[in-house]
Amino acid sequence: MIERFLPTIDEVLCAMSERPLGMGEEATVYKVHTNPKFTVRVSRDAPDFEILAQRIFDEKFTVQKDIFEGRNYGQTVAYMWLDERDEHMALIAICRYAPGVSIEIWKPGQYEPSSEEALMKTIVFSKTILNLPDKAYDGVCDDTLFLSSKGYSIDTGNCGWFSNMGNILLDAANKRLQVVDIQPFYRQHPGINMNHTKGFNTPLYLAHGLITGSYKHAKEHSKYPPLIEYRTETIDKIISAAERNHINDLGGYIGNDLSKIEQIWDYQLSLLNIEEKYRKNFVKRVCSIKDEQRYPVTNNFERLVRVAGRSMYT
């Protein structure tokens, strides 16, 4: 059981005193190097280290049930200090460590690369992702299909195409893709089908998560011919994986309107400067995929406690 091997309080505080593994708008993540199967995720709303450390010593972490049947999504395994505004949000959590690197070129609060540096990094990441074997793409499709069955989704942030690209990590050592930073379906949002079954776990948002360098320097990168070629081939691989795994865009937050899905795909691909002939082919293929439910959908949805920003839906 995971709880038998959780980091000690001293290990948690030691991790928090080191350089962060990653930083985002919602939280700072630290690797527990003395217990490397775990990370510590601390909300940006948490108090200073001294106050937080005293609170950690005074209280105990609450262990969270594993509803993902042993799969690793970098999810919370224990948490402390619930947010007064949301009982499903905590200010600090111990999470599973997910191997891999974020392909997001720029994040708030971190070193911002120059245009030249950003282009170099984007090219390297793009070529590496493109050269992954088909089983890597099949694996990320399977992970998202399984997430959907549990009522969870890739977290994209404000439904945006060009944000939170760090939610699928590149694990180059094992030639795979690792889904992290997940969120529950939000069924009460106005304008969203109450009975949707996929959240953001669709080809559109898989493509969003794997097309690097399309946020901070999007305009410059969309004009670079070799990068356009890499992106075109990557999108082809993503759609091919979706075809093999029978996953389409229907049933997610976009809804079931094929004409709307066509328009969104065409628009997003045009922003990446994908040639029209390829755009038409991609859109046609996406809209022709027959959907199959690989995993039984849970009838007992459990919303997990996690460290994240408050949802605009709550």
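This is a predicted model: local features need pLDDT of at least 70, side-chain atom pairs count only at pLDDT 80 or more; totals for chains, interfaces and linings use all residues.
**View 1. Packing of helix H4 against helix H7.** Helix H4 (residues 134-149) and helix H7 (residues 225-245) pack with their axes 9 Å apart and at an angle of about 55°; the two helices are therefore oblique to each other. The crossing of H4 past H7 is right-handed. From H4, Asp134, Tyr137, Asp138, Cys141 and Leu145 take part in the contact, and they meet Thr234, Lys237, Ile238, Ala241, Ala242, Arg244 and Asn245 of H7. Six of these contact residues are nonpolar, two are polar and four are charged.

**View 2. Salt bridge between Asp138 and Arg244.** The side chains of Asp138 and Arg244 meet at 2.9 Å, N to O. This pair links distant parts of the chain, with Asp138 in helix H4 and Arg244 in helix H7, 106 residues apart. Asp138 is partly exposed at 23% relative accessible area, and Arg244 is partly exposed at 36%.

**View 3. Salt bridge between Arg41 and Glu26.** The N to O distance in this pair is 3.7 Å. Arg41 belongs to strand E3 (residues 38-43), whereas Glu26 lies in the loop between strand E1 (22-23) and strand E2 (27-31), so the pair ties together parts that are 15 residues apart in sequence. Arg41 is buried, with 14% relative accessibility, while Glu26 is partly exposed, with 26%.

**View 4. Salt bridge between Asp266 and Arg279.** The closest N and O atoms of Asp266 and Arg279 are 3.1 Å apart. Because Asp266 lies in helix H8 (residues 258-271) and Arg279 in helix H9 (residues 276-286), the pair ties together parts that are 13 residues apart in sequence. Asp266 is partly exposed at 29% relative accessibility; Arg279 is buried at 15%.

Notes: Residues are numbered from 1 along each chain as its sequence is written. Side-chain values use heavy atoms; hydrogens and water are left out. Axes are lines fitted to C-alpha atoms, for helices over the stretch in contact, and angles run from 0 to 180 degrees between N-to-C directions. Helices (H or I, at least four residues) and strands (E, at least two) are DSSP runs, numbered from the N terminus. Angles under 35 degrees count as roughly parallel, over 145 as roughly antiparallel, 65 to 115 as roughly perpendicular and the rest as oblique. A crossing is left-handed if the near helix is turned anticlockwise from the far one by less than a right angle, and right-handed if clockwise. Contact means heavy atoms within 4.5 Å. Ala, Val, Leu, Ile, Met, Phe, Trp, Tyr, Cys and Pro count as nonpolar, Asp, Glu, Lys and Arg as charged, and the others, Gly among them, as polar. A salt bridge is a side-chain nitrogen of Lys or Arg within 4 Å of a carboxyl oxygen of Asp or Glu. Buried means under 20% relative accessible area, exposed over 50%, partly exposed in between (1.4 Å probe, protein chains only).
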